[in-house]
Amino acid sequence: TVDVEFSSTSDNIGDVSANLEYDDELLQYVPVSNEKYGGGVIPLRDTADTDSLTMDFKVKFKVLDNGT
């Protein structure tokens, strides 16, 4: 599992829109629901429910091969 955190030192985070890129020959994305992401890119998108300086995502992978 990979923890991804977006943070701000001064302004509240309202929305996050980013892509997490990974080597799909080494890792396989493990979806948490019926998501169909993969191919080396996972979109990370969310809107904060309340005023917050941080927003966290957890992304799970299965290891396919050891890297160098």
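Is Ile-13 buried or exposed? In this predicted model, Ile-13 counts as buried, because its relative accessibility is 12% and the cut-off for buried is under 20%.

**Ile-13 and Ser-52**

Ile-13 sits in the loop between E1 and strand E2 (15-21). Beyond its neighbours within four places in sequence, Ile-13 is in contact with Phe-6, Ser-7, Ser-8, Ala-48, Ser-52, Leu-53, Thr-54 and Met-55. One of these partners, Ser-52, belongs to the loop between strand E4 (41-47) and E5. Seen from Ser-52, with neighbours within four places in sequence again left aside, the contacts are Asn-12 and Ile-13. The C-alpha atoms of Ser-52 and Asn-12 are 5.1 Å apart, although 40 residues separate them along the chain. For Ile-13 and Ser-52, 39 residues apart along the chain, the C-alpha separation is 5.8 Å.

Val-2 is located in strand E1. With a relative accessibility of 34%, Val-2 counts as partly exposed. Leaving aside neighbours within four places in sequence, Val-2 is in contact with Phe-57, Lys-58, Val-59 and Phe-61. Val-2 and Asp-23, in contrast, are 21 residues apart in sequence and 14 Å apart in space, C-alpha to C-alpha.

Lys-58 also takes part in a salt bridge with Asp-3, where the closest N and O atoms are 2.8 Å apart. Asp-3 lies in strand E1 (residues 2-7) and Lys-58 in strand E5, so this pair ties together parts that are 55 residues apart in sequence. The count of salt bridges comes to one. Asp-3 counts as exposed at 54% relative accessibility, and Lys-58 counts as exposed at 62%.

**Negative patch**

Asp-23, Asp-24, Glu-25 and Asp-65 gather on the surface in a patch of negative charge. Asp-65 is placed in the segment after strand E5 (54-63). Its relative accessible area is 46%, so Asp-65 is partly exposed.

**Accessibility of the residues discussed**

| Residue | Relative accessibility | Class |
|---|---|---|
| Val-2 | 34% | partly exposed |
| Asp-3 | 54% | exposed |
| Ile-13 | 12% | buried |
| Lys-58 | 62% | exposed |
| Asp-65 | 46% | partly exposed |

Terms used
Residues are numbered from 1 along each chain as its sequence is written. This is a predicted model: local features need pLDDT of at least 70, side-chain atom pairs count only at pLDDT 80 or more; totals for chains, interfaces and linings use all residues. Side-chain values use heavy atoms; hydrogens and water are left out. Patches are made of residues with over 30% relative accessible area and no salt bridge: like charges are joined within 9 Å, nonpolar side chains (Val, Leu, Ile, Met, Phe, Trp, Tyr) within 5 Å. Accessible areas come from the Shrake-Rupley method with a 1.4 Å probe; for residues, only the protein chains shown count as cover. A salt bridge is a side-chain nitrogen of Lys or Arg within 4 Å of a carboxyl oxygen of Asp or Glu. Lys and Arg count as positive and Asp and Glu as negative; His and the chain ends are not counted. The place of a charge is taken as NZ of Lys, CZ of Arg, CG of Asp or CD of Glu. Helices (H or I, at least four residues) and strands (E, at least two) are DSSP runs, numbered from the N terminus. Buried means under 20% relative accessible area, exposed over 50%, partly exposed in between (1.4 Å probe, protein chains only). Contact means heavy atoms within 4.5 Å.
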